[in-house]
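Open the model in a viewer and keep the selection panel at hand. The stops below say what to select next and what is there.

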Amino acid sequence: MTTTGNGVSPNGSGPDHGTPALEAVAISKDFRLGRGQILHAVRDVSFSLHSGGVVALVGESGSGKSTAARMLAGQERPTSGTIRLAGEPVSVSSHRAFRRYKSQVQYVFQDPFASLNPVHTVRYHLERPIRLHQIGPGGFGGMASPRKEIDLKRELDRLMEQVRLTPARDFLAKYPHELSGGQRQRVSFARGLAARPTVLLADEPVSMLDVSIRLEMLALLDDLRKRLRLALLYITHDIASARYFADEVLVMYAGQVVERGPAEEVTQQPRHPYTQLLIASAPDPDNLGSTLRTGNTTRRDKPVVGAADTGCPFNLRCPLADDRCRRENPALIQLSPTRSAACWRLDETGAGPSPSS
Amino acid sequence: MSPVLEISDFSVAYRTPSGDVRAVDHVSLSLHPGEVLGLAGESGSGKSTLVYGACRLLRPPAAITGGSVRYRGRRLAPAAGAAELLRLRPDQLRRLRWREIAIVFQSAMSALNPVLSVRDQITDVIHAHMEVSRADARDKAATLLDLVGIPRNRLRSYPHELSGGMRQRVMIAMALATEPEVVIMDEPTTALDVVVQRDILTQIAELRERLGFAVLFITHDLSLLLELADRIAVMYGGQLLEVAAAAQIKSEPAHPYTKGLLNSFPSLHGPRRDLAGIPGSPPDLRNLPPGCPFLPRCASGTDACRDVPMRLEPIATALDPSHVTACPFVLPDEVPA
């Protein structure tokens, strides 16, 4: 299988080159469904997160993007493949190794209403990871002497300043229900940063927030990765936000990466038929003569959901599918040093707009 | 043409121990026959409370504190004039609901009954609101599934056996079962993937062309409404801030909040724009400032905004007389850099 490995140098300011902060090498995850059935949730996915860079995993629900992130977070063990942290293969078999890994790789959840504990204050949510990861387990129970002296107050102030919840004193004593959705998500970010990680995995970090504050939150994340040189994985179903926010975009379908490349290129000249469909389906405010207004559209003859078991997983829905697509699953084919797509019919998909728009 | 649904000066408050929370504050909005009216607003803007209140679907502590909601359907006796929803008796209301005004709820999984098959749920609606035989109701259920593009062999399926998109289609089929004049859609596609969303919305547009019902479409997604709706009403802090044709909202938004919303969507098409979003947080209805609710976040706000009465007025400079806004200080657009 052809993969782009770590040869991608995203556009925009700043991602480091050289050894990636976190790297997924051909990771796969199978789930047993019983009766001998196996769900291939993630198949042979590779990508690299560089310090100061943003990689977006884009796909619909069930595409495997969250499972991929959960493997990187150490929540799921890959069925096959390797995860490398700063070049070293990761083994999170022991408790201690897992904690060491978690102090480098942190996860931000989608729903700030569910991910904060309603009975604890903001201070509690932030002090815990600081004690756990920066001071070490000895400092938490108070049994052993702290390995490292940490000025807790200064650390809290630093975190609150980073996510712009200032003055810190006012917010630290509050409970989640006293905060707006945006403020809660800032607390989630601060909690993720409390361990001073090198990698942040953000799973749909703004999709539960109001439209008017999403941009501000994405701008905050963008600012944090630049200032703290974080390597950021941005998981989203919204390919438009990936265009604005990510350096590199990976489009996933049925557990596979079907297209990848620099964000602007993938969104402006999509090559895989699925990426083209995804982009044609996004709401387009400029499309005032839309078929949504008139309803005059040719009846579809393809299903709108579903992945094929054999051949290219998209072949059931693909307007270009032929016999080969139904038989063999295409690997990623290198289109340029930074771009690749997994499709047998790339000669037909051109660089133009979607065939279905 | 007189509106099929006319909400006038309508207010809803949530009664709490520490006083009333005015969730909808003197809102007037009309839905014309056959049109798609989009109601855009963030969570807590009062958009759902407005519509559910107008249909009298709210329970205490919510209370309607004023206004009127008139319905004028083709099937009502002309002599009777408009039906005043807020004054109907429960039995009258029951005859009007679904038969005349149907709702597609956001969460199909919780709106559908998990222990009834698709066919039983649809025929249940038909029997409750129309006089038809069992056989006719079953035929009708099958026809309805055809209409929304679900294979007939799914009639015996239960909700958990259907995908999210199919469940939402069943909801739409049920709403259309009684041929209503008004269909209210409350974020019907928010939980769905974009490809499925576009497919369902295209289908709604087709059905509207064929059946001629009017749609009141509630969503937080203004970019979707620009493509979908004929007219758009923008709601914030329990009040309407602007109402205009979709093209007008797109090309000449008047209210600073509408402008801010339009500048909050990353666009896939065209050149990358500098996006600003809107600073600050959505308002706390328990603690609204006097005057314009958007003032704390408004870049062009002045002290005078504290004293303005919030009324929708036509914009002097606008070509379209139906374009109204609550902002009396409509400033000329800054020249984009």
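In chain A, 64% of the contacts with a separation of 6 or more are between residues 24 or more positions apart; two residues are in contact if their C-beta atoms, placed from the backbone, lie within 7 Å. This is a predicted model, in which local features need pLDDT of at least 70, side-chain atom pairs count only at pLDDT 80 or more, and totals for chains, interfaces and linings use all residues. Residues are numbered from 1 along each chain as its sequence is written, while chains are lettered from A and ligands numbered from 1 in the order in which they are written.

Colour chain A by secondary structure: there are 14 helices and 12 strands. Helices (H or I, at least four residues) and strands (E, at least two) are DSSP runs, numbered from the N terminus.

Select 22-34 of chain A, strand β1. β1(A) pairs with strand β2 (residues 37-49) of chain A in the antiparallel sense over nine bridges; two strands pair if DSSP finds at least two bridges between them. Asp30(A) stands opposite His40(A) in β2(A). The two strands form a hairpin with two residues between them, and Arg35(A) in the turn has a positive phi of about 50 degrees. β1(A) also pairs with strand β4 (residues 80-85) of chain A, antiparallel over five bridges. There, Ser28(A) has Ser80(A) as its bridge partner.

Next, colour chain A by domain: domain 1 is 22-263 and domain 2 is 269-282 + 303-349, with bounds from an automatic or database domain assignment. Their C-alpha centres lie 30 Å apart. Across the boundary, 12 residues of domain 1 of chain A are in contact with 17 residues of domain 2 of chain A. On the domain 1 side, β10(A) gives the most, with seven residues. That side divides into eight nonpolar, two polar and two charged residues. Ala, Val, Leu, Ile, Met, Phe, Trp, Tyr, Cys and Pro count as nonpolar, Asp, Glu, Lys and Arg as charged, and the others, Gly among them, as polar.

Now show Leu201(A). Leaving out residues up to four places away in sequence, Leu201(A) touches Ala69(A), Leu72(A), Ala73(A), Val105(A), Tyr107(A), Val108(A) and Leu233(A). Leu201(A) is also among the residues that touch the most other members of the largest nonpolar core, which has 185 residues; Phe217(B) is another. Such a core is a set of buried Ala, Val, Leu, Ile, Met, Phe, Trp, Tyr and Cys residues joined through C-beta atoms within 7 Å. A residue is buried if 20 or more other C-beta atoms lie within 10 Å of its own, exposed if 12 or fewer, and partly exposed in between, with C-beta atoms placed from the backbone.

Show both chains: 38 residues of chain A are in contact with 41 residues of chain B. Which element gives the most to the side of chain A that touches chain B? It is α8(A), with six residues.

Finish on chain B with the open sheet of four strands, ordered β2-β1-β4-β5 with antiparallel pairing. β2 (19-31) and β5 (83-84) of chain B are the edge strands, each pairing on one side only. Strand β1 (residues 5-16) of chain B pairs with β2(B) over nine bridges, and Phe10(B) stands opposite Val27(B) in β2(B).
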